[in-house]
Amino acid sequence: MADLSTTYMGLSLRNPIVVASSTLTGTVDGVKECAAAGAGAIVLKSLFEEQIVAETGALLEYADYANHGEAAEYLQGYGMELGPREYLQLVSDAKKAVDVPIIPSLNCFSNERWADYAKKLQLAGADAIELNIAFMPTDLRQDAKAVEERYYRILHDVKTKVSIPVALKIGPYFSSLANIADHLTRDRAEAPDFTVGWCGPSTNKGKVVWSGADALVLFNRFYQFDIDIDHLGLVAGNHFSSQSEIHLGLRWISLLAGKIDADLAATTGIHDGYDMVKQLLAGARVVQLCSTLYLNDLGQIKVMQRQLEEWMAEHGFANLDAFRGRLSQARSDRPESFERLQYIKLFVGIE
Ligand SMILES: Cc1cc2nc3c(=O)[nH]c(=O)nc-3n(C[C@H](O)[C@H](O)[C@H](O)COP(=O)(O)O)c2cc1C
């Protein structure tokens, strides 16, 4: 029988199947069901920044952000009913109830208020924290540097307060994704270039000590925007992904694996065991599942585990390290084939 065990951010997992942050993981019962179904780790439903702000009575101060479409939509659509105190309770109850790693998730977009709460999550027993920086840069006056700095600050504030690993769940929309992925994950003894002019709270002889994220989760699937042409209004697109949405994340996992100093978790469009095999070949340490568990049920975890085991047996792989990252660009003898060449080949000759 193949060995499916793996590490993720230094945590030991019995298999690489992680249940993604969702309503499936918002209660202790839900967490127990996920663990009983065979999950290797569980990311709890997010606590949204608006909830922490509301709790401190400062929501009005944040009126602009409260109107932030993405967060508002999540709050309405996905029924985020837990407050910060209940959320801490969920973390500690979930930890007691199951023996797989529990990773609470914070959905944030501004730089304040996170660090102290992250510390409380650690004290409540969290094995790691996933930060979902769900920030939509729609302001015409805000440049790319200012947007990126927001990521660095949130990460830095949290990393300086907790000693457990921190994962960052990000979207693909950056001018230079490879560069920011590197900056977000690399530990540095001195202030990196991008923090020029910024003196963060943690200093070492006057210099910012930068500690990178322990994992990147690629990619956030943003609220799908659509227009209803009959009623001339805005509507939500499909809440659930389809299998065809795997490709963007797959490409970037294969491009970044082995190059950045962090684990990679794949999310979006992973629906069966063969999708999982692809992500592992590209270099993912774990996959995160959401839509497929809603569209099928939690039994899909075992189905995918079996598909992975069968595929490994067929190819003679005894454990995940035997093939993980084999199709990453870093390990390719033809790295150019991951980039422009493929694109040219595809289009030249098509009339
Ligand atoms: C009903 C539902 C609730 C979700 N809630 C959250 C959430 O609270 N926090 C978060 O980071 N992602 C949330 N997501 C996004 C998922 O974690 C996941 O990243 C996304 O659905 C893409 O993965 P998939 O293709 O497997 O569905 C939610 C998704 C769904 C469908």
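Is K159 buried or exposed? K159 is buried, with a relative accessible area of 14%, where buried means under 20% relative accessible area, exposed over 50% and partly exposed in between, computed with a 1.4 Å probe and protein chains only.

The structure is a predicted model, in which local features need pLDDT of at least 70 and side-chain atom pairs count only at pLDDT 80 or more, while totals for chains, interfaces and linings use all residues. Residues are numbered from 1 along each chain as its sequence is written, and side-chain values use heavy atoms, with hydrogens and water left out.

**Salt bridges**

A search of the whole structure finds 10 salt bridges, a salt bridge being a side-chain nitrogen of Lys or Arg within 4 Å of a carboxyl oxygen of Asp or Glu. Three of them are described here, including the one formed by K159 and D214, in which the closest N and O atoms are 2.8 Å apart. K159 lies in helix α7 and D214 in the loop between β9 (207-208) and β10 (215-218), so the pair ties together parts that are 55 residues apart in sequence; helices (H or I, at least four residues) and strands (E, at least two) are DSSP runs, numbered from the N terminus. D214 counts as partly exposed, at 26% relative accessibility.

The salt bridge of R153 with E149 has its closest N and O atoms 3.3 Å apart, and both residues belong to helix α7 (residues 144-159), where they are four residues apart, about one turn of the helix. R153 is partly exposed at 27% relative accessibility, whereas E149 is buried at 14%. In the salt bridge between D321 and R324 the corresponding separation is 3.1 Å; D321 is exposed, with a relative accessible area of 55%, and R324 is buried at 9%.

**The ligand and its shell**

The ligand is surrounded by 22 residues, the closest being S21, S46, N132, S241 and S291, where a residue counts as near if one of its heavy atoms lies within 4 Å. By class, this shell holds nine nonpolar, 11 polar and two charged residues. Both β4 (41-48) and α11 (291-295) supply at least two residues of the shell.

| Residue | Distance to a ligand oxygen atom |
|---|---|
| N132 | 2.6 Å |
| K169 | 2.9 Å |
| T267 | 3.1 Å |

Taken alone, the ligand exposes 610 Å², and the protein buries 98% of that, with accessible areas coming from the Shrake-Rupley method with a 1.4 Å probe.

**Surface patch and backbone features**

F225, I227, I229 and L234 form a nonpolar patch on the surface, with about 490 Å² of accessible area together; patches are made of residues with over 30% relative accessible area and no salt bridge, nonpolar side chains being joined within 5 Å and like charges within 9 Å. L234, in strand β12 (residues 233-236), is exposed, with a relative accessible area of 63%.

L232 lies in the loop between β11 and β12 and has a phi near 50°, a positive value in a residue other than glycine; L232 is exposed, at 73% relative accessible area. T268 also has a positive phi, near 90°, but T268 is buried at 16%, in the loop between β13 (263-266) and α10 (273-282). The peptide bond from L218 to F219 is cis, with omega near -5°, and F219 is found in the loop between β10 and β11 (225-228).

Methods
A polar contact is a pair of N or O atoms within 3.5 Å; within protein, one must be able to donate a hydrogen and the other to accept it, and residues adjacent in sequence count only if both atoms are side-chain atoms. Ala, Val, Leu, Ile, Met, Phe, Trp, Tyr, Cys and Pro count as nonpolar, Asp, Glu, Lys and Arg as charged, and the others, Gly among them, as polar.
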